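Please look at how the two chains meet, and then at how one chain is divided. The sequence and structure come first.

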Protein chains: 2
Amino acid sequence: MQFDQKKIFDYIDAHKEEYIALLSRMCGQKSLAMTGEGIGEMFRIVTETFREYGLEMQVFETPGNPCVIAVKKGETEKTLGFYHHYDVMPVEPLSEWQSDPWTLTVRDGVMYARGVADNKGGLVSSLAATDAYLKVYGTLPCCVKFLIEGEEEIGSPNLGFFTKACGDALECDGIIFEGGDRNGKGSPLEITTGVKGLLYLELTAQGVRTDAHSSLAVIAPNAAWRLVQALGTIKDAEGNILVDGFYDDVLPLRQKDLDVLERDAFDEEATRKHLGIPAFNNGKTGKELLKDYHYAPTLNLAGLVSGYTGEGTKTVLPAKATAKIDIRLVPDMDPEKTAQRVRDHLAARGFGDIDVKVMTATKSYRSDPDAPFTDVMIRSARSFTGIEPKVSHSHPATMPFANLCADRRIPAGAVGCGTPHNNAHGPNEKYAIEDFLDDIKFRSVLIREMGEEK
Amino acid sequence: MQFDQKKIFDYIDAHKEEYIALLSRMCGQKSLAMTGEGIGEMFRIVTETFREYGLEMQVFETPGNPCVIAVKKGETEKTLGFYHHYDVMPVEPLSEWQSDPWTLTVRDGVMYARGVADNKGGLVSSLAATDAYLKVYGTLPCCVKFLIEGEEEIGSPNLGFFTKACGDALECDGIIFEGGDRNGKGSPLEITTGVKGLLYLELTAQGVRTDAHSSLAVIAPNAAWRLVQALGTIKDAEGNILVDGFYDDVLPLRQKDLDVLERDAFDEEATRKHLGIPAFNNGKTGKELLKDYHYAPTLNLAGLVSGYTGEGTKTVLPAKATAKIDIRLVPDMDPEKTAQRVRDHLAARGFGDIDVKVMTATKSYRSDPDAPFTDVMIRSARSFTGIEPKVSHSHPATMPFANLCADRRIPAGAVGCGTPHNNAHGPNEKYAIEDFLDDIKFRSVLIREMGEEK
């Protein structure tokens with residue numbers, strides 16, 4: 001059967017009220033993984049909706065919020081996965097919202113609500129694409145499989161549990177993850193087939209029992225100095241990470257990983273200006289800069305706090321000092337092993353008293369660059385926009401690709417028609433109706449292209 | 001005329017209601033140097049009170065709050081100075097006060113109010129001692145001179161201005177400063193004849209324009225790391241201060257400064273336990289510990305703040321990082337010169353981008369150990385308690401001795417019957433009526449002993 005792009009796009013445009021109403025229903029239900037508020041009700045809405053749209057479901061209880069796999073079989077055995085989550089971030093500060101975060105409100109063609117973009121909008125657009133395809137053609141050209149969890153916004157602590165519980169039910173020829181931005185309509189789509197992992201550590205130094213008068217500083221230990229000196233052994237002024245063995249498990253880059261930098265979406269000059277810096281680290285530019293950005297692990301000091309942090313002066317000897325460190329991991333760095341390396345490194349330098357707590361641990365992931373799924377995404381993007389897409393083998397940020405894909409080496413990707421300026425996690429989260437419809441249309445093309453794979 | 005200690009002490013006891021009423025009146029008036037609230041009214045109350053008690057006054061306008069010198073001449077030319085201030089600290093958090101901070105309230109023999117101890121109580125006790133002496137004997141054996149400012153709680157920014165404006169009016173044979181504690185009734189009084197100075201610096205590193213996503217950490221500068229690395233050049237893990245020339249102007253200790261350590265009030269074991277530490281820095285004990293405590297300069301990291309400092313995790317590349325550093329100075333370290341040394345030190349190591357801001361600068365001061373005034377204090381303490389007092393030539397903390405005394409090398413001291421647990425600066429500031437009366441009595445002895453000096 002010939003795929004008539006216009007026919008399916010017209011259907012989507014004609015039924016946009018239905019899809020917006022569905023998104024509105026989902027956004028109307030709180031679903032805060034952080035507190036558990038509304039999670040049960042939201043899960044019921046999700047499963048009811050998928051049932052209404054004719055998908056088969058398999059629910060997986062976890063030690064946390066339940067997950068669900070929703071499947072619609074197609075004409076071929078090829079399976080396109082869509083990863084989504086039904087939990088959302090808290091809405092605070094509420095006073096900064098221009099309309100109720102739990103009521104989808106449209107202003108000037110833009111929908112506003114908590115979760116409208118991240119990720120209820122994505123969930124609905126994937127479902128709407130599947131629905132439109134079915135309505136227009138009666139069948140799907142491939143199997144479409146939704147993999148849905150409810151704890152993404154608290155770091156997906158039970159996604160590994162879900163993955164194990166799934167068994168073969170997880171099998172896909174490729175999984176589209178949430179997110180996927182373009183630099184406005186008319187710009188090329190940006191395809192990511194890998195992500196850095198994230199190890200978030202909290203380092204704490206303890207000195208005297210409670211904050212004391214700073215006149216004691218000459219005779220009693222200072223937790224802030226202790227922490228500063230420990231941190232000083234971890235990274236040098238040139239930005240080199242000095243943790244013993246930190247780079248030992250970093251895989252060498254494949255030639256394709258370097259080649260793909262030619263097709264990167266990164267706008268060097270715009271980013272530099274936006275950040276307000278005269279130059280990037282170590283004066284790097286071009287491919288050398290991109291190589292670091294996509295493929296180098298980081299050890300970022302995300303937060304420091306000790307003693308008096310208010311305005312003006314207070315003469316205090318701090319009892320405690322804390323550093324928050326986020327480490328972006330690349331293959332094949334293991335989060336727990338890396339945390340242990342930090343501990344061992346500190347202990348070997350006499351800083352064994354510094355407590356190192358693992359807050360978050362997510363592995364990195366890189367899809368096989370030769371996987372047909374990458375080509376499915378590229379062909380879909382090209383077909384949808386008429387422009388050659390940008391491609392990255394490793395997004396500098398983190399998504400839970402590895403949790404779902406690592407064991408079975410399932411190719412993963414993120415690509416879509418969103419905008420990085422959607423205020424996800426912040427007040428006035430938004431999703432333009434035009435982008436929403438484009439996302440539905442683009443996903444229908446993805447379904448078609450997956451069906452083309454032999 | 002023979003000094004009859006019992007007679008004057010009896011007078012003080014008999015008139016305690018009058019003195020408490022006076023303190024109550026002063027505590028009933030807000031006087032916040034930080035906001036200026038009530039400062040004018042408070043100054044009027046102070047000057048009215050001193051006029052009522054028959055002292056001659058000279059008011060000094062400053063760029064900030066006015067100062068006053070109040071004098072009562074005596075039978076000799078010898079002059080005993082009392083330094084006090086009429087401003088107080090803010091009362092927040094108000095909810096933690098058990099009674100209105102602006103109403104002197106007595107519970108179980110203890111007076112509660114903001115300023116009741118720091119320093120309206122001290123001011124009234126010095127005035128009451130002068131009054132009692134006059135009432136019992138008709139004249140004073142020496143001249144008593146009050147030097148009163150209204151900005152101590154904001155770091156006495158105009159005390160130098162006042163000192164210059166005073167000219168010869170400042171001349172004294174010794175000045176008693178505020179404070180002065182004992183370890184409960186029956187303990188020896190603790191005399192301090194010198195203080196460390198205080199240089200408070202704020203060091204700031206700036207990276208990207210505003211906090212950014214930490215995925216950029218590998219290519220964009222991190223202000224927190226920058227600050228940590230700069231701080232790492234300032235102090236080593238053994239606590240050595242590495243700032244170039246930091247110790248250059250430190251005067252060698254006099255034999256008397258070492259000898260006086262034998263008479264120190266510091267309770268090593270109690271302090272160690274209170275701080276909850278296994279040992280003092282570098283395992284020091286005894287005289288070596290006291291030598292550091294009283295005579296070594298410090299470079300204390302009083303605060304650190306950068307990026308995300310809340311609970312849990314946030315992956316942020318911090319735009320700004322700030323360190324609060326308090327440096328306790330010893331003779332002859334100059335605050336401004338020391339600040340410049342920190343700047344030069346950083347610049348010489350490639351950290352010239354770190355902003356170094358001087359927040360507070362107070363010089364250290366040590367009285368001449370052979371000054372007769374020290375003996376006046378020792379004799380008074382011995383006579384009042386019947387026990388040999390403890391003596392320190394350099395208090396590890398800071399009081400503005402130098403501002404008033406440095407130019408004319410006026411001997412200075414702090415000694416009294418207060419308690420370190422008076423909640424000065426905190427909620428429920430207090431002053432036991434017994435301590436208040438003891439302070440008045442002790443000060444009457446000081447007046448007598450100053451009169452004995454030839």
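**Where the chains meet**

Strand E12 (residues 300–307) of chain A pairs with E12(B), running antiparallel over 5 bridges. Strands pair here if DSSP finds at least two bridges between them. Strands (E, at least two residues) and helices (H or I, at least four) are DSSP runs, numbered from the N terminus. Within this pairing, Gly303(B) in E12(B) is the residue opposite Gly307(A).

This is a predicted model, in which local features need pLDDT of at least 70, side-chain atom pairs count only at pLDDT 80 or more, and totals for chains, interfaces and linings use all residues. Residues are numbered from 1 along each chain as its sequence is written, while chains are lettered from A and ligands numbered from 1 in the order in which they are written.

Between the chains, 58 residues of chain A are in contact with 58 residues of chain B; contact requires that C-beta atoms, placed from the backbone, lie within 7 Å. On the chain B side, E12(B) gives the most, with 9 residues. Other elements giving two or more residues to this side include helix H6 (223–232) and helix H9 (286–295) of chain B. The side of chain B that touches chain A has 32 nonpolar, 18 polar and 8 charged residues. Ala, Val, Leu, Ile, Met, Phe, Trp, Tyr, Cys and Pro count as nonpolar, Asp, Glu, Lys and Arg as charged, and the others, Gly among them, as polar.

Chain A itself is divided into domain 1 (5–195 + 364–452) and domain 2 (197–250 + 297–362), with bounds from an automatic or database domain assignment. Their centres, taken over C-alpha atoms, are 37 Å apart. In chain A, 8 residues of domain 1 are in contact with 9 residues of domain 2.

Technical notes:
Contact = placed C-beta atoms within 7 Å.
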